[in-house]
Amino acid sequence: SHSQKYIIRVRNDLKPSIFSDVEHWYRSTLRSLSSSLEFQRFEETDIVHVYKTVFHGFSAELTPQQAKLIKTRQEVLAVYPNRLLQLHTTHSPQFLGLINDNNIPNPNGLIEESDYGSNVIIGVLDTGVWPERGSYSDNGLDSIPSHWKGECVEDHNFTKSHCNKKLIGARFFGREWSKNGTPYSSVRDSDGHGTHTSSTAAGSKVINASLFGFAPGIASGIARKARIAVYKICWSYGCFTEDVIAAYDKAVEDGVDIISFSAGGNVRLYHADPIAIAQFGAMENNVLVSASAGNGGPYAASVGNIPPWITTVGAGTIDRRFPSDLTLADGTVLTGESLYGGQALPQKTLFPLFYAKNTSANSTKGALCMPGSLEPKLVTGKIVICERGGSIPRTKKGEVVKNASGVGMVLVNMGDMGESLVADAHIIPTVAITVSTAKKLFSYLASSKDPHATIVSRGTKLNIKPAPVVAGFSSRGPNLYSKSIIKPDLIAPGVDILAAWPDGVGLTSIPSDKRNTEFNILSGTSMSCPHISGVAAMLKGAHPDWSPSRIKSAMMTTSYIVDNAGKHILDEATYNISTPWDYGSGHVDPEKALDPGLVYDLSVTDYIDYLCALGYSEKKIATITRKMVSCKKGLKAWDINYPSIAVGFNQTDALKYEATVTRTATHVSKDASTYTVKIDNPPDVLVTVEPSKLEFSQKEQKLSYVVKISAKKFGYPTSVFGRLTWENGKHFVGMPIAVTQS
């Protein structure tokens with residue numbers, strides 16, 4: 001099992017005092033417990049510190065099982081995990097700059113101004129909830145916001161008493177599907193995804209959280225006093241559109257302020273997508289929808305949940321990783337990632353390495369470690385190298401290796417997977433490695449007659465640079481159905497996020513995985529979406545009169561594109577510079593979004609004009625908006641007052657292409673202010689802005705400006721990117737510019 005440091009508090013009233021030789025006592029204790037399997041290999045564990053003055057005891061490295069056994073000794077008063085208490089384990093509130101190293105919010109910052117979003121309700125449309133988790137405790141919460149009109153629907157293993165001032169509402173949709181192999185025909189979560197996302201958005205503070213000792217500290221949702229209403233729309237088979245729409249409908253009726261939607265399907269034209277239409281209705285009712293961009297990256301045009309009236313969220317890394325080493329017999333150490341928390345391989349024993357490609361008649365099936373592809377006679381007692389990919393989950397490959405009597409697994413990225421890694425809670429000792437690291441491994445295999453290695457977990461590592469990096473899996477633009485909207489809108493933490501997890505649900509998708517834990521670490525745009533839901537909830541709490549488009553604008557225009565190493569944000573798949581098709585406007589910066597300076601407002605009329613400009617017929621527009629409209633002539637789709645700019649040109653014989661784009665900024669700070677424009681031109685493009693200065697005399701004043709974009713002929717279909725920023729000395733109101741020739 002994964003070992004970590006523990007602090008052992010011992011009694012000091014025993015005769016003779018164990019302090020005369022604490023190390024001797026410790027070794028003899030280990031020996032006396034060595035009949036337990038957990039201790040047979042650990043008699044050499046060293047004491048790190050001995051405490052004799054203000055705290056009587058010592059610290060040592062143990063597995064969780066060993067710590068539990070030592071705790072049973074009469075000499076021991078208590079055993080404490082060695083926790084980093086100043087860190088949040090989602091660690092994202094800290095990475096987002098909402099709190100400092102001592103868990104203290106910034107003075108006059110977003111947390112204080114919004115009281116952690118305490119008067120805001122987040123509706124989470126997902127797989128349900130496990131209400132017993134500490135993340136749903138209502139300790140310290142005031143009464144339920146008066147605008148709440150919803151309820152807690154009782155059914156199988158879920159009663160009204162499971163709701164409280166934190167979990168204020170619970171409904172489920174798709175009752176007829178609930179009998180299809182699902183343990184609970186109620187809002188209770190039998191999958192884990194919904195418990196994880198809702199606690200990420202607004203979970204209460206839980207101390208001593210971790211997964212097998214990984215990511216130790218305090219777990220907290222982003223808006224930890226915001227209220228949660230759960231709408232279960234997904235069952236073991238997936239989520240049906242009819243249930244999704246019913247949930248949107250009910251959530252808005254119930255009085256939610258924010259909808260968090262970490263699901264999606266194939267992209268369709270707006271009028272042909274009932275979910276996009278339901279999202280339009282939510283926007284009309286002043287409800288912000290935060291939705292995941294999808295996990296189809298690093299491929300271009302893979303972005304989902306694309307309507308301009310919702311906030312589409314991609315995923316970035318945070319400055320925390322879970323390194324795991326593959327130590328080769330020649331002394332080379334290849335570092336990857338893993339969240340394996342079971343019995344570790346002995347560090348001083350090396351095991352034969354076996355490439356699964358060499359196992360069966362079908363080398364492709366073997367290389368991917370598909371079920372039934374590994375021959376036990378070739379694999380027994382070996383660390384097996386499996387290629388990532390195929391129609392099989394990463395953790396399932398470990399089960400295939402285990403069933404064939406392998407002792408460990410190296411999961412290698414191939415081809416387009418590049419440098420993108422995801423840490424998984426594997427069921428056997430495993431290390432996942434990138435394409436560049438895999439090249440070193442394959443070189444060793446080719447040069448060694450008898451390749452051997454072992455796998456060593458390195459626990460939790462913080463202050464990783466560079467971060468954020470756009471996650472390799474995060475879906476990318478351009479948006480297939482409109483070149484005049486950059487999607488995703490922005491990115492947020494979505495890699496290795498720790499949040500609550502239900503009882504009785506394995507940590508992986510493997511049926512044989514029966515491990516039970518209060519928290520799990522997951523990656524995906526499903527995890528980044530609730531971060532934005534939580535930030536939006538706090539912005540709504542601080543500015544109750546702000547519309548969804550204003551909240552979105554504040555988050556987008558204050559986003560950053562420079563990482564913690566001072567360089568432009570990179571793309572994890574290639575470690576090249578990323579672009580607005582990857583990160584949208586940038587990475588969310590919640591504190592700056594509290595006071596964005598300027599915002600770009602959008603109304604229902606603006607969206608209708610946009611649909612007209614795209615060429616939607618009046619009948620199709622009525623399908624979306626329930627309004628009969630008469631489209632004005634000469635509208636341009638890129639004139640929608642969006643907080644980013646995207647123009648597209650069809651290549652012709654022209655030597656130069658020109659577009660004129662209009663934007664209207666609203667001044668939302670208190671005092672009069674003058675902004676000047678700064679332009680970073682895209683390659684081969686000249687951007688000019690008229691006027692180049694905006695002089696605001698009062699709050700809520702609106703001023704328009706025109707952006708003229710002149711592009712040379714690129715010679716081949718491509719997109720180039722620049723940036724436009726309005727500055728007044730305090731505020732930096734930025735927006736990306738994408739220019740595409742096709």
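Here are a few questions and answers on salt bridges in this predicted model.

User: How many salt bridges does the model have by the distance rule?
Analyst: Happy to start there. Side chains of opposite charge can pair when their charged atoms come close. The rule asks for a Lys or Arg side-chain nitrogen within 4 Å of a carboxyl oxygen of Asp or Glu. By this rule the count is 25 salt bridges.

User: Which residue forms a salt bridge with Glu 151, and which parts does the pair tie together?
Analyst: The closest N and O atoms of this salt bridge are 3.6 Å apart. Glu 151 sits in the loop between β5 (121-126) and β6 (167-172), while its partner lies in strand β6, so the pair ties together parts that are 20 residues apart in sequence. The partner is Arg 171.

User: Is Arg 171 buried or exposed?
Analyst: Good one to check, as buried means under 20% relative accessible area. Glu 151, at 38% relative accessibility, counts as partly exposed. Arg 171 has a relative accessible area of 10%, so this residue is buried.

User: How many residues apart are Asp 496 and Arg 321?
Analyst: Their side chains meet in a salt bridge at 3.6 Å, N to O. Asp 496 is in the loop between β24 (490-493) and β25 (497-500), and Arg 321 is in strand β15 (residues 320-321). The pair links distant parts of the chain, and the separation is 175 residues.

User: Which residues are linked with Arg 321 in a network of salt bridges?
Analyst: Arg 321 is buried, as is Asp 496. Asp 496 also belongs to this network. The residues linked with Arg 321 are Glu 337, Asp 496 and Glu 572.

Technical notes: Residues numbered from 1 in each chain as written. Predicted model: local features only at pLDDT ≥ 70, side-chain atom pairs only at ≥ 80, totals over all residues. Heavy atoms only, no water. Helix = DSSP H or I, 4+ residues; strand = E, 2+ residues; numbered from the N terminus. Buried < 20%, exposed > 50% of the residue type's maximum accessible area, 1.4 Å probe, protein only.
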